[in-house]
Amino acid sequence: MARFKKYIISTFLHLELILVSLIVLIPIFWIVISSFNASSGLASATLIPEKLTVNNYVKLFTETKYVMWFGNTLKIAIVNSAVSVMIVMVTAWVMSRFNFKGKKTGLMTLLILSMFPSFLSMTAIYVLFLTFGLLNKPIALVLIYSVGAIPYNVWLVKGYLDGVSKSLDEAAYIDGCTRLKAFFKVTLPLSMPIVTYVAVTQFMAPWMDYILPNLLLSKDQNRTLAVGLYALISEQESTGFTMFAAGAVLVAVPISIVYIIFQKYIVQGISAGANKE
């Protein structure tokens, strides 16, 4: 009886996994196949089209500014990743290694702030950047993404750094290192898994965000991929849906490559950062 019950549970678990996998994979397969569809509409696309073509990819590069949008997004992603890692690591290191008045209050404030998405303050952000003349400048997105990364990631990185023995820092001090030098020479090299996690997640942000780039970067030469691709299908009589599908497939390429390369470090960073022992 116990064996039969175990078999039933295993069957249901496998059925659930298969169902979830299909829910995730079918839309991906459909958008990939649609990008090779000869027609221009997604409504007429089928899972198995009669004729496959690469014309949508050719038109994407010849009839749109896809290369420019891709370059804009890549630049923002790289700079944002580097700036975010620097800010988050230094902030988390201070919270982990130093005791000062207001530390607990500061951590609780960061925890509360992490619960609110950045687009809730879109009006304030727009007015602030308009005042400082940062509209239509890619640096505006870097500022928002890097600052927005602080609340959640500081808690995660602090959890990781708390697991790095302080005796290593003390040994570095004995050898003549300053606190800052000990951070760069000892703490940072030991924190590569969590550094990789922060870098990869922040690298991804500009590729998938539409709301903030659309709000702050209105000029065509400053558009990111999300804004540029949406423009292909946003008009009432737009017919570039399969071209949009081709662009969406290409967006996934750099993100997938980064995830595949750094997958091991991402998993290590998340698991170690969540450890509060």
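This is a predicted model: local features need pLDDT of at least 70, side-chain atom pairs count only at pLDDT 80 or more; totals for chains, interfaces and linings use all residues.
1. Let's start with the aromatic cluster: F61, Y66, F70, F203 and W207 come together in one such group. Rings of Phe, Tyr and Trp (its six-membered ring) are taken as a pair if their centres lie within 6.5 Å. The structure holds nine aromatic pairs. For F61 and Y66, the ring centres are 5.5 Å apart and the planes stand at 75°, so this pair is edge-to-face. On the scale used here, planes under 30 degrees apart are stacked, those over 60 are edge-to-face, and the rest are tilted.

2. Residues are numbered from 1 along each chain as its sequence is written, and side-chain values use heavy atoms, with hydrogens and water left out.

3. Now the overall build. The chain has 13 helices and zero strands; helices (H or I, at least four residues) and strands (E, at least two) are DSSP runs, numbered from the N terminus. Of the 277 residues of the chain, 38% count as buried. Looking at contacts with a separation of 6 or more, 74% of them involve residues 24 or more positions apart. Contact here means heavy atoms within 4.5 Å.

4. Helix α3 (residues 66–97) and helix α6 (residues 139–148) have axes that come within 9 Å and cross at roughly 40°. That makes α3 oblique to α6. The contact is made by I76, V79, N80, V83, S84 and I87 of α3 with L141, V142, Y145 and S146 of α6. By type, these residues divide into seven nonpolar, three polar and no charged. The crossing of α3 past α6 is right-handed.

5. Axes are lines fitted to C-alpha atoms, for helices over the stretch in contact, and angles run from 0 to 180 degrees between N-to-C directions. Angles under 35 degrees count as roughly parallel, over 145 as roughly antiparallel, 65 to 115 as roughly perpendicular, and the rest as oblique. A crossing is left-handed if the near helix is turned anticlockwise from the far one by less than a right angle, and right-handed if clockwise. Ala, Val, Leu, Ile, Met, Phe, Trp, Tyr, Cys and Pro count as nonpolar, Asp, Glu, Lys and Arg as charged, and the others, Gly among them, as polar.

6. What does L143 touch? L143 lies in helix α6 and touches F129 and L134, not counting residues up to four places away in sequence. At 36% relative accessibility, L143 is partly exposed.

7. The loop between α5 (122–131) and α6 is the place to look for N136. Phi of N136 is near 65°, a positive value in a residue other than glycine.

8. Helix α4 (residues 103–113) and helix α7 (residues 150–162) form another pair, with axes that come within 7 Å and cross at roughly 125°. The two are therefore oblique to each other, and their crossing is left-handed. L107, M108, L110, L111 and L113 of α4 meet I150, P151, V154, W155 and K158 of α7. Nine of the contact residues are nonpolar, none is polar and one is charged.

9. Helix α8 (residues 166–174) packs with helix α9 (residues 179–190) at an angle of about 140°, their axes 9 Å apart. α8 passes α9 in a right-handed crossing. On the α8 side the contact has L168, D169, A172 and Y173, and on the α9 side R179, A182, V186, T187 and L190. These divide into six nonpolar, one polar and two charged.

10. Finally, K264 sits in helix α13 (residues 241–273) and is exposed, at 52% relative accessibility. Its C-alpha atom is 9.8 Å from that of Y197, a residue 67 residues apart from K264 along the chain.

Definitions and conventions
Buried means under 20% relative accessible area, exposed over 50%, partly exposed in between (1.4 Å probe, protein chains only).
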